[in-house]
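Subject: Handing over the structure

Hi,

As promised, here is the structure for you to open. Please have a look at it first, and then read on for what turned up.

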Amino acid sequence: MSHNEHEEPIPRTSPRRLAKMLAIIIGIQVVGAVIFFTHYDYWNSYLPMAGKIQEGLITPGGQPPPPPPPGGKTINVSLKFVESSDFKTYAFNAISGPDNNPEIHANAGDKLVFDVTNGGKSFHAFAVTDSKEGPGPAIEGTTIGTADNPMKPGASGQATFVPSQPGEYYYICAVPGHRELGMEGKIEVAPSGGAEQPSSAEVKPTGNKVEFTLSFVMSSDFKQYAFNALPGQTGHNPDIKVKSGDTVTIHIKNDSKSFHSFGVVVDPDNSSATQQSRVQTIH
Amino acid sequence: MVLELRKPRPVWQIMFSTHHTDVALLYTITGLAFLFMAGVLALMIRTHLFFPGQGILISDPATFNRIFTVHGLTMLFLFALPFAAGIGNYLVPIMVRYKDMAYPKLNAVAFWMNPIGGALLWLGFSDTSWVSYAPYSVIRAPGPAADMMIFGLKILGISSILSSINFVVTILKCKHPDLPLRQVPLFAWSILTVSLMTLVAMPSYAASLIMLLTDRLGVSGFFNPSAGGDPIAYLHLFWFTFHPEVYIFLLPAIGMMYELIPRFSRKPLFSQASGIFAFVMLGLIGFASWGHHMYSTGMDFTTKVVFMIGTLAAVPASGMHVFNFLATMWGGRIRFAAPMKFAVGGIALFFSAGAGGVLNSAMPLDFITHGTYWVVGHMHLFLTGTIAFGFVAMAYYMFPFITGRMYSEKLANIHFVGMMWGTVQVFFTQHLLGLEGMARRIYDYPAEYTSWVELNQIATVGAWILGGSFVFFLANLIYSVAKGKEANMDDPFGLGGKYYYPYQAKNPTHHTGY
């Protein structure tokens with residue numbers, strides 16, 4: 001070190017500079033805290049895609065989940081939160097009379113779509129629950145608003161509920177106390193089935209064995225694909241008719257120039273896993 | 001002359017400077033600011049655990065998880081790494097006799113990634129724990145917090161890769177030609193070692209973060225068992241980075257002690273060669289022991305033995321450092337100013353932490369201590385007892401050179417006693433808690449387990465003492481920066497030697513001529 005450096009005065013930190021530095025640090029922290037706390041519910045608010053896929057909320061392609069299994073019908077229910085003028089009785093749709101808290105009947109697998117409006121003057125929150133009393137717990141995905149973040153008067157929203165198990169469910173107001181004042185309606189869910197549902201009983205094998213032969217064919221311009229013959233020719237995509245319980249063997253030959261893979265589905269637009277599992281596919 | 005104020009400049013000129021002492025100042029202040037922020041979180045956790053079954057202070061488990069997650073991430077990535085980079089920025093160019101870092105602009109870019117990464121970590125306040133193990137972090141950890149954490153860590157990882165490249169080039173290529181590498185001071189050697197380690201270790205974690213993100217988006221399934229992935233793969237990728245990272249945190253602190261111990265013992269270093277050897281050894285061995293974090297994942301016996309031996313191989317190298325320190329101090333005229341106190345305290349606790357580590361690495365014992373408070377105590381004894389002690393020692397040492405003023409020795413003494421006492425009381429007790437079977441990362445525990453209650457309360461009181469000592473540290477910093485005694489810039493600690501001093505930095509305003 002050289003002694004020349006002592007010729008100029010040694011600058012040292014000062015309270016002023018310290019104040020500036022602290023103002024910068026604390027300022028950044030305060031701004032950060034304001035951003036953090038004003039969006040407090042946002043930061044941890046949704047499941048990752050992988051979790052949604054696991055929960056069956058979406059499919060891996062990012063599409064909404066497949067519609068409910070065959071037989072599931074969509075039932076639209078519109079409900080309105082109403083209050084008596086003295087605020088002592090709360091209900092859905094009407095304080096009294098036939099419209100009061102309508103009972104809903106459905107089968108397991110049906111899709112119930114609730115259109116809910118807050119027609120009262122208080123805050124309310126809609127939920128479906130299987131608990132016989134109290135404000136919940138709500139079944140996931142059936143809520144519109146929560147007790148902490150309720151629907152304001154005049155607000156409306158939509159919720160869906162697909163009961164997988166038969167039993168008694170209730171649609172309620174999830175704000176504590178409101179269910180006890182009368183905001184509660186019953187949902188009776190019968191086992192899935194009924195007339196339109198195919199029988200789930202096992203079919204006994206008939207012992208019949210039938211065999212078919214199919215081949216993949218393609219037009220020379222690769223624009224038309226078919227089985228056995230191109231569209232418009234005889235033998236194009238033949239129907240195969242068999243009896244329940246038959247053992248069906250299908251021989252497949254790839255006569256085309258592309259790669260193909262053979263499979264059997266129940267309904268191409270609506271393939272249900274339970275039905276598919278009873279078809280044994282042999283390549 | 002004085003590093004921060006060589007020529008008094010507006011604050012914004014320091015903030016957007018590329019000179020190594022300015023970037024160093026930014027790094028150091030950022031590191032210290034995050035140290036205090038994460039310390040507050042630690043005190044919240046400990047205070048909460050003082051009262052079993054009552055949910056005091058932290059009302060729900062998810063918030064508890066978020067707090068210890070951000071505490072860990074902040075202490076490691078926003079205090080330990082930036083602080084070491086800060087001191088490295090101050091000293092490495094001076095030690096290799098170069099005018100600045102090799103790439104000054106890259107240096108500033110690497111620093112400015114820290115506040116951005118820090119903002120992402122703190123705004124999201126994720127709940128994955130700092131390790132973000134799959135499958136929780138893939139399937140359940142709520143967004144956007146966990147995604148922000150992934151991006152934040154990504155940015156911090158790139159920052160540390162950039163600063164590592166800068167250090168390696170500065171030391172190896174910009175070193176003065178008259179200075180042989182073996183004579184480069186050991187602090188610069190420690191920075192060289194950890195920079196090379198970072199360059200080898202970090203890519204694995206960088207890759208696993210991307211895989212974690214794509215897994216979360218549902219487009220891949222590397223670590224997602226329901227998509228055919230393997231969570232253990234994440235552990236391997238993670239610990240391949242983070243066991244070496246333990247040494248990346250540790251070695252700069254050891255390097256700082258190598259700066260302080262000879263100077264305050266007023267004696268030359270006992271052995272430069274053994275220090276270099278031990279650094280390089282630890283740098284290599286650091287890569288041979290990641291599996292000891294995973295003994296209980298069903299590894300086969302041979303693999304476990306290999307990792308156990310790899311872990312134990314760190315003992316001789318660590319011992320070389322300790323003996324080097326002791327031999328340097330032996331017979332010296334030691335002046336126990338604050339930096340020396342913290343350095344020696346750090347050596348003592350380094351030895352204790354290392355002893356616990358030997359037990360840990362023995363795999364039959366590891367099955368008992370795995371996932372318990374023993375591990376928490378062990379790793380905090382390293383992080384607080386050695387790394388933070390070394391960093392605090394260096395902060396006190398650099399204080400007069402940065403500010404031109406002297407810290408208050410009285411407040412520093414209180415800080416030292418409180419920190420030493422607190423560290424021992426919290427983290428030794430946590431070892432015992434682990435042996436009593438208390439699992440780590442739990443929100444609450446039954447009040448009927450009286451031994452847990454007692455040990456937790458002892459640990460919490462220790463944490464209050466530790467936290468209280470840092471109040472004195474903060475008060476000392478703030479008071480002394482503003483009104484501290486004017487330091488004697490030739491020899492602020494009255495050591496009387498002819499050593500070089502860190503304020504001999506070249507003109508910090510060289511960049512203004514562009």
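Helices α7(B) and α8(B) run roughly antiparallel to each other, because an angle over 145 degrees counts as such and theirs is about 165 degrees. Please keep in mind that all of this comes from a predicted model. To find the pair, look in chain B for α7 at residues 186-216 and α8 at residues 231-265; their axes are 8 Å apart. The crossing of α7(B) past α8(B) is left-handed. Sorted by class, their contact holds 22 nonpolar residues, seven polar ones and two charged ones.

Chain B has another helix pair worth a visit. Helix α3 (residues 61-95) and helix α14 (residues 373-403) of chain B have axes that come within 11 Å and cross at roughly 40 degrees. That angle makes α3(B) oblique to α14(B). Here, too, the crossing is left-handed. From α3(B), the residues in this contact are Met75(B), Ala80(B), Phe83(B), Ile87(B) and Tyr90(B). They meet Leu383(B), Ile387(B), Phe391(B), Met394(B) and Met398(B) of α14(B). By class, that gives ten nonpolar residues, with no polar and no charged ones.

Now over to chain A, where you will find an open sheet of three strands in the order β11-β10-β12, with mixed pairing. Its edge strands are β11 (225-227) and β12 (247-254) of chain A, each of which pairs on one side only. Ignoring direction, neighbouring strands in this sheet are turned by 20 degrees against each other on average. Strand β10(A), residues 209-218, pairs with β12(A) in the parallel sense over eight bridges.

Finally, how many residues does each chain bring to the contact between chain A and chain B? Chain A gives 27 residues and chain B gives 39. On the chain A side, the elements that give two or more residues are α1 (15-38), β1 (44-46) and α3 (49-55). Of these, α1(A) gives the most, with eight residues. By class, the chain A side has 17 nonpolar, seven polar and three charged residues.

Enjoy exploring!

Best wishes

Technical notes. Residues numbered from 1 in each chain as written. Chains lettered and ligands numbered in written order. Predicted model: local features only at pLDDT ≥ 70, side-chain atom pairs only at ≥ 80, totals over all residues. Axes fitted to C-alpha atoms, helices over the stretch in contact; angles between N-to-C directions. Helix = DSSP H or I, 4+ residues; strand = E, 2+ residues; numbered from the N terminus. Parallel < 35°, antiparallel > 145°, perpendicular 65-115°, else oblique. Left-handed = near helix turned anticlockwise from the far one by under 90°. Contact = placed C-beta atoms within 7 Å. Nonpolar A, V, L, I, M, F, W, Y, C, P; charged D, E, K, R; others polar. Pairing = 2+ DSSP bridges.
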